[in-house]
Amino acid sequence: VEAKLPFQTEEGMIFLAPSDIWYVEAVGHYCSLYTIERNYLLRHSFSDIIRLCSNDVHSPLYYFIAKIFYHLFFNHIFGLKICSLLFMGFYFWLLSVPFKKEFGFKMSLAMIVLSSFFPTFLTHNTEPRMYAMSIAIFSLTVLMAVKILKEFKISYAIIFFIASSFSTYIHTYTMLATVLLYIVMAVAIIIIKEDKKKKIFWFLINSICVSLLYLPWLFSLISQFGKKSEGLNTEYDAAFFINDTVYELFSSIMYPKKWQAAIWILILLISFVFLIVKKSKYIKYVILTYASLFILCFVGIFLSVNNSPCYMGRYISCLAPLILFGVAAGMKEIKSKWIFTAILLLSLMAGVLVYRDRIRYEYESSIDEYIAYANENFKEDDAILYADLHNDYLSIYYPEAYSFIYGFRDDFNPFDNDETFTDINQLKQVKGDVYLICFDNKNPDWFLSCEYEKKYGFHFLYYDFSIYRIYNF
């Protein structure tokens, strides 16, 4: 649920807008505002984190762990980046040790190199979000599943139980990916003859225990997916979500480029050809991997188009290692060192350019145009109406103005300087001028009946914004 939250800086108190139910997106000046808003969320107690996350698409486990890192590093956002970096380090350790032991040096090397340059990893390796954790823990879950199917050991079973339990609470889509993994395991256990009775008994007990552990959060999940968005302007079709998935996985996040995605898709196709031509023993695993990817995408896109936005491409980041496993399996069948090296160089080239764009994103400074305009034109008795949840993050740059937010429910809004906009009459209390900030492809006619005049426009990241002065409301 959207609400303004205070955050103390050296310059004074600013107000931040944490996540709405479906979108958790904020970008900022020299660092992600998502980082800052999560920074504030972690100042809440563990019980409050559970309450706030119950209205959000994300589960609370990441915030529990991030809160510990946050306080260990003296309440600094650097602790959140360290948290993500450690989980990505654990992921690379998995590739270097247990994965190499299971699949061999060549596949381990390919996975390490590909993961080092894969766009979604370059984004999430130090980003203060839960995706590095979901990548690492889900990878551990899958690896333990493979080991159990080959040879049942109590140690594998314990690690698998802990890892899969954690996976369900990291993110909704990591939970869905874990469910798919359990389905695949169930089928595999039935087919495989070795230790069938022991594995079936263990699998049933394990599945029941993990389900019981997730049961408290299941009710919140059902509630979230059952809600039709109220007041949220969503005009996205399936093509939008498909494009977002391709760009999130295979190109720069903030500056998507088709040719970057094309390079990675070409790598996928080349490796898949070698898998088929060489009749690789891993072809079945790769097909299952891609089937899981398509199922998760289909579920998320279907719900987002027909019910309420609950899917973005980054939500399936936990499946990225499985995508790269398909590439590595195909590369294992390549006998030519030249082709093998060429694929690694292609990934290196694309990765370096993605990293360049990532640096550009971290140090984006074009918001200065808006700050200069706000300081020159907005007065303390003015009010600003934000017409979209993604416009609202701009409010931290001019917190003095009274803010109205359109498009979220008023379940949690404890601050006097912020108000949910539901009726045009609310604007009559404003003593000064009223401004509307919205995306450039919108105008006040979208949801207001009033006179208006465009005063200013500016570009920030991949957004174009317009600022309107509205009259006679």
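Reader: Happy to start with a pair of helices. At roughly what angle do the axes of helix 2 (residues 46-53) and helix 3 cross, and within what distance do they come?

Author: Good place to begin, and please keep in mind that this is a predicted model. Two packed helices are described by the angle between their axes and the distance between the axes. For helix 2 and helix 3, the axes cross at roughly 145 degrees and come within 10 Å. Their crossing is right-handed.

Reader: Which residues make that contact?

Author: Helix 2 brings Phe46, Ile49, Ile50 and Cys53, while helix 3 brings Tyr63, Phe64 and Lys67. By type, that contact divides into 6 nonpolar residues, no polar ones and 1 charged.

Reader: Now helix 3 itself. Which of its residues are buried?

Author: In helix 3 the buried residues are Leu61, Tyr62, Tyr63, Ile65, Ala66, Lys67, Phe69 and Tyr70. The helix covers residues 61-72, and its 12 residues reach 17 Å from the first C-alpha to the last, close to the 16 Å expected. Just after helix 3 comes Phe74, with a positive phi of about 60 degrees.

Reader: Let me try another pair. What is the handedness of the crossing of helix 8 and helix 9?

Author: That crossing is left-handed. The axes of helix 8 (residues 131-150) and helix 9 (residues 154-170) come within 8 Å and cross at roughly 145 degrees. Among the residues in contact are Met133, Ile137 and Phe138 of helix 8 and Tyr156, Phe160 and Ala163 of helix 9. The contact divides into 14 nonpolar, 4 polar and 1 charged residues.

Reader: Finally, how many helices and strands does the chain have?

Author: There are 17 helices and 8 strands. Of the chain's 473 residues, 58% count as buried. Among contacts between residues at least 6 apart in sequence, 68% join residues at least 24 apart.

Terms used. Residues numbered from 1 in each chain as written. Predicted model: local features only at pLDDT ≥ 70, side-chain atom pairs only at ≥ 80, totals over all residues. Heavy atoms only, no water. Helix = DSSP H or I, 4+ residues; strand = E, 2+ residues; numbered from the N terminus. Buried < 20%, exposed > 50% of the residue type's maximum accessible area, 1.4 Å probe, protein only. Contact = heavy atoms within 4.5 Å. Axes fitted to C-alpha atoms, helices over the stretch in contact; angles between N-to-C directions. Left-handed = near helix turned anticlockwise from the far one by under 90°. Nonpolar A, V, L, I, M, F, W, Y, C, P; charged D, E, K, R; others polar. Expected span 1.5 Å × (residues − 1).
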